[in-house]
Amino acid sequence: MINTRAAQINAELISNKRVGSYHHMVFSVGDIAAQAKPGNFVAIAVGGESSSMVLRRAFAIYRSTERGVNGGLVELVVAPHGQGSRWLTSLQAHDLVDMVLPLGTHFGIPTEPVRALLVGGGYGSAPLFGLAELLKNRGCRVDMVLGASTAAKIYAPLEGKRSVSSLTLTTDDGSAGIQGQITDVLPKLIEENEIEIVYSCGPMGMLQAITAVTDRYQIIHQCAVEEAMACGIGVCMTCVLPVTGDDGVTRMLRSCIDGPVMDGSRVVWDSKRKIPEGTFGA
Amino acid sequence: MTFSFAADLAGAKLPNPILTASGCAGSGKELSQFFPLTEIGAVVTKSIMIKPRSGRATPRMAETPSGMLNSIGLQGPGVDYFLENDIPWLAAHGARTIVSIAGETVEDYAVLARRMRNLPGVVGLEVNISCPNVENRGMVFSCQPETARAAIEAVRRNIGGELPIIAKLSPDVTDIVGIAREVSNAGADGVALINTLLGMVIDTNLMLPKLAQKTGGLSGPAIRPVAVRAVYQVRAALPTLPILGMGGITNGRDAFEFILAGASAVSIGTATFGNPTAVLKVRDELSAILQERGFESLTDAIGFAHREVQV
């Protein structure tokens with residue numbers, strides 16, 4: 001489904017702060033902020049007017065505020081890993097960026113209060129805090145588990161923790177929380193808190209591993225996938241992944257239009273570098 | 001004096017010379033949330049094939065300096081779905097449509113051409129005989145004069161009516177003029193220059209080709225000089241053959257280069273990935289440049305770089 005609320009705007013950078021391994025960036029975007037929902041993302045042109053980087057960069061929305069001192073705001077958590085994100089994180093207050101938002105699908109919110117577990121890997125935690133707030137306001141109990149290779153790569157701001165009943169951390173090197181991976185603690189958290197739905201965002205390998213657990217417990221898993229995108233608006237066909245529909249047919253769907261939020265149990269994981277057998281049109 | 005921006009692309013009458021490039025505009029719907037499709041000269045569809053196609057495995061894309069590699073592999077729902085869904089939608093939204101078709105065999109091109117008769121809103125046919133992302137590179141029709149001719153003849157025989165046929169050619173040949181002459185003789189009303197160039201990126205962390213299928217088509221500003229050269233050469237050799245120019249156009253100045261080289265209209269592809277409204281930017285800037293330089297019409301500027309001058 002095309003997100004018909006999307007628009008292309010010039011967004012003004014309001015603040016840019018380094019937090020651990022990441023940058024917390026706030027942009028003034030005007031009225032369109034009201035259209036953003038947890039799970040949606042933005043696509044930003046990088047490198048300036050004479051840039052040699054021809055493709056947009058996609059970032060999950062960390063939080064959106066309809067009305068602030070500077071009007072509508074969106075906040076992003078950016079990891080300065082590549083040339084494009086390094087350019088973005090080097091910007092200063094009042095710089096303008098060409099931004100398209102909001103894009104993609106959003107996390108589905110249950111109509112009845114449920115017991116939800118939110119799972120984030122690295123800066124994949126970003127869209128989960130807004131989701132936690134929304135779920136809590138609907139009467140849900142929200143538990144959260146965040147994992148990363150090391151403590152500095154866990155993004156868990158104080159204000160984000162207010163909406164969660166419990167927060168568990170895991171790191172590969174043991175520098176924060178439990179030493180190990182997220183999936184090591186998932187079964188215990190699901191059982192102890194009688195979890196009915198898991199929401200997740202992070203690297204594809206992690207999402208696949210979470211799906212194996214949620215399938216075993218037969219609970220819903222809504223995950224925000226991370227596929228490399230060129231356009232973010234559904235025209236380039238590069239961010240596809242195989243997803244099985246209600247009709248049992250597996251199709252190559254665009255993660256920018258039919259995602260990023262998808263039903264984990266419908267994604268055909270482990271399909272890197274090959275088209276699964278029987279895929280529509282294969 | 002009123003300036004005329006109208007374009008005549010091999011008989012297709014368009015209000016302006018700015019088109020999308022095949023495979024870079026989705027089904028039209030995706031871009032229409034950013035601007036009405038009636039604003040541009042025409043929408044060129046992704047290449048339509050007879051059967052649904054999953055396309056190639058991922059990774060399918062690699063950004064390169066001033067460009068990108070793609071190996072989508074013509075993912076699409078097939079001609080039946082296209083005719084039932086996309087064409088009526090485009091017509092209902094007033095888009096002028098140029099349908100791109102691609103086949104695996106000469107017979108495929110014949111079948112597809114027959115299906116393109118009398119469609120609402122369709123003003124031309126782009127025959128993609130140059131996609132680099134097919135299983136067998138030997139099957140790139142436009143790389144050999146004989147196969148290029150056979151595919152275009154099949155379309156010419158089956159299309160009927162006056163729909164202009166534009167053959168899209170590959171730059172990965174020794175003599176693009178020779179191929180252009182061949183397709184013109186076979187019945188093409190014009191040529192689209194150029195498709196992507198075959199390229200490769202190696203991921204130095206994995207120490208493997210970055211794309212799952214190893215090779216992909218290079219597009220973007222990096223290939224613009226190659227494209228301008230191809231347009232210029234074909235225009236010089238075949239001055240009456242209309243050309244749809246493309247390859248790395250991101251602004252009005254870039255488009256002006258193609259017009260000066262001999263293109264009657266231009267397509268915008270990769271630039272749309274970086275900017276959903278790139279086509280409007282190119283349109284407005286080109287119109288302004290032509291008027292600033294004193295041209296009374298787009299037509300007057302076509303091939304202007306070929307004039308004899310004493311410098």
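This is a predicted model: local features need pLDDT of at least 70, side-chain atom pairs count only at pLDDT 80 or more; totals for chains, interfaces and linings use all residues.

Residues are numbered from 1 along each chain as its sequence is written, chains are lettered from A and ligands numbered from 1 in the order in which they are written, and side-chain values use heavy atoms, with hydrogens and water left out.

**Interface of chains A and B**

- Contact (heavy atoms within 4.5 Å) links 41 residues of chain B to 39 residues of chain A.
- About 3000 Å² is buried between chain B and chain A, and carbon and sulfur atoms give 60% of that area.
- Buried area is the accessible area (1.4 Å probe) that two parts lose on being put together, summed over both.
- Of the area that chain B buries against chain A, 19% comes from Thr58(B), Glu63(B) and Phe273(B), more than from any other three residues.
- Chain B and chain A share 3 salt bridges; the term requires a side-chain nitrogen of Lys or Arg within 4 Å of a carboxyl oxygen of Asp or Glu.
- Lys281(B) and Glu49(A) form a salt bridge through their side chains, at 3.9 Å from N to O.

- Helices (H or I, at least four residues) and strands (E, at least two) are DSSP runs, numbered from the N terminus.
- Axes are lines fitted to C-alpha atoms, for helices over the stretch in contact, and angles run from 0 to 180 degrees between N-to-C directions.
- Helix 4 (residues 145-159) of chain B packs on helix 5 of chain B at about 30°, with the axes 8 Å apart. Helix 4 of chain B is therefore roughly parallel to helix 5 of chain B (under 35 degrees; over 145 is roughly antiparallel, 65 to 115 roughly perpendicular, the rest oblique).
- Pro145(B), Ala148(B), Arg149(B) and Ile152(B) of helix 4 of chain B make this contact with Ile179(B), Glu182(B), Val183(B) and Asn185(B) of helix 5 of chain B. By class, the residues are 5 nonpolar, 1 polar and 2 charged (Ala, Val, Leu, Ile, Met, Phe, Trp, Tyr, Cys and Pro count as nonpolar, Asp, Glu, Lys and Arg as charged, and the others, Gly among them, as polar).
- Helix 5 (residues 176-185) of chain B also meets helix 6 (residues 224-237) of chain B: their axes come within 9 Å and cross at roughly 55°. That makes helix 5 of chain B oblique to helix 6 of chain B.
- Residues in the contact of helix 5 with helix 6 of chain B include Ile176(B) and Ala180(B) on helix 5, and Ala230(B) and Val234(B) on helix 6.
- The axes of helix 7 (residues 252-261) and helix 9 (residues 278-292) of chain B come within 8 Å and cross at roughly 60°. Their contact has 7 nonpolar, 1 polar and 2 charged residues.
- Among the residues that helix 7 of chain B brings to helix 9 of chain B are Phe256(B) and Ile259(B).

**Backbone details**

- Thr58(B) and Pro59(B) are joined by a cis peptide bond, with omega near 0°. Pro59(B) lies in the loop between strand 4 (43-44) and strand 5 (61-64) of chain B.
- Gly259(A) to Pro260(A) is also a cis peptide bond, with omega about 10°. Pro260(A) sits in the loop between strand 14 (250-254) and strand 15 (261-263) of chain A.
- Gln218(A) is not a glycine, yet its phi is positive, at about 55°. Gln218(A) belongs to the loop between helix 5 (204-217) and strand 12 (220-224) of chain A.
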